[in-house]
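User: Could you take a close look at the salt bridges in this model and explain, step by step, where the charged partners sit?

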Amino acid sequence: MLKLYGTSKSRSARSLWALEELGVKYEHVPVEVSQAKSADNLKRNPNGHIPVLEDDGLTLFESMAINLYLAEKYGKPPLWPSGAEQHGKAYQWSFWGMTEIEPRLMTVLVNRVFLPPDQRDEKAVAQALEAIKAPLKVLDDTVKSHPYLLGNDFTIADLNVASVMSFAMIAKIDFSAVPAAQAWLNKCLGREANQRARAQK
Ligand SMILES: N[C@@H](CCC(=O)N[C@@H](CS)C(=O)NCC(=O)O)C(=O)O
């Protein structure tokens, strides 16, 4: 039986969302962020992070890898599209979300929300907001020309990028310069499967 370790109040929400979209049966073990470095979790993931997936003897860490694996193994079109070309696009957008978007959003989130006010670095926030403008424009242009990243349908690429971008909502980032990206993000995050994932522990 599929088992997902990690609380929905963390990056684990990404994989819970994928599991909910796929409609597969799974067990959710809501390991808290504070428990990520417990002895039990370190056995599952030596990095001491959540989420972790177990599936029939396989243990996987890294949220994007988990989601791409789940989509390939349990998904069908359109969520997991057909053919190497479309898979390449799904990898492209997933890695793009992790490398072009996530580090900048994390900097803003940490310095606007997580750190105590006297430790926040406004200069780092300003630099991250400047650096994220170009990739956000790429996203905006893409979803201006078709409704979802790969074309007309919601796929695992949208799920992966939107779940990374959900940090932006918490960090209260202004998307008025990229309205198509904002509308796409609202549409993706509003999906019932994401609501079900977020409602979990
Ligand atoms: N790149 C990893 C990052 C995982 C990660 O850093 N998870 C955080 C929770 S959002 C965590 O486990 N933090 C606890 C810790 O590092 O002790 C992924 O996407 O799965």
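**Salt bridges along the chain**

Analyst: Lys43 is exposed, with a relative accessible area of 68%, where exposed means over 50%, buried under 20% and partly exposed in between (1.4 Å probe, protein chains only). This is a predicted model, in which local features need pLDDT of at least 70 and side-chain atom pairs count only at pLDDT 80 or more, while totals for chains, interfaces and linings use all residues. Residues are numbered from 1 along each chain as its sequence is written, and side-chain values use heavy atoms, leaving out hydrogens and water.

Lys43 forms a salt bridge with Asp40, the closest N and O atoms being 3.6 Å apart; the term stands for a side-chain nitrogen of Lys or Arg within 4 Å of a carboxyl oxygen of Asp or Glu. Asp40 is partly exposed, at 49% relative accessibility, and both residues lie in helix α2 (residues 39-44), three residues apart, or about one turn of the helix. Helices here are DSSP runs of H or I with at least four residues, numbered from the N terminus.

Other pairs reach further along the chain. Glu102 and Arg11 meet through their side chains in a salt bridge (3.3 Å, N to O), and this pair links distant parts, 91 residues apart, since Glu102 belongs to helix α4 (residues 84-114). Glu102 is buried, at a relative accessible area of 8%, whereas Arg11 is partly exposed, at 31%.

Glu102 also meets the side chain of Arg14 in a salt bridge (2.3 Å, N to O). Arg14 lies in helix α1 and Glu102 in helix α4, so this pair ties together parts that are 88 residues apart in sequence. Arg14 counts as buried, at 1% relative accessibility.

Altogether the structure holds eleven salt bridges, and a network of them links Lys137, Asp140, Asp141 and Lys144.

Terms used:
Helix = DSSP H or I, 4+ residues; strand = E, 2+ residues; numbered from the N terminus.
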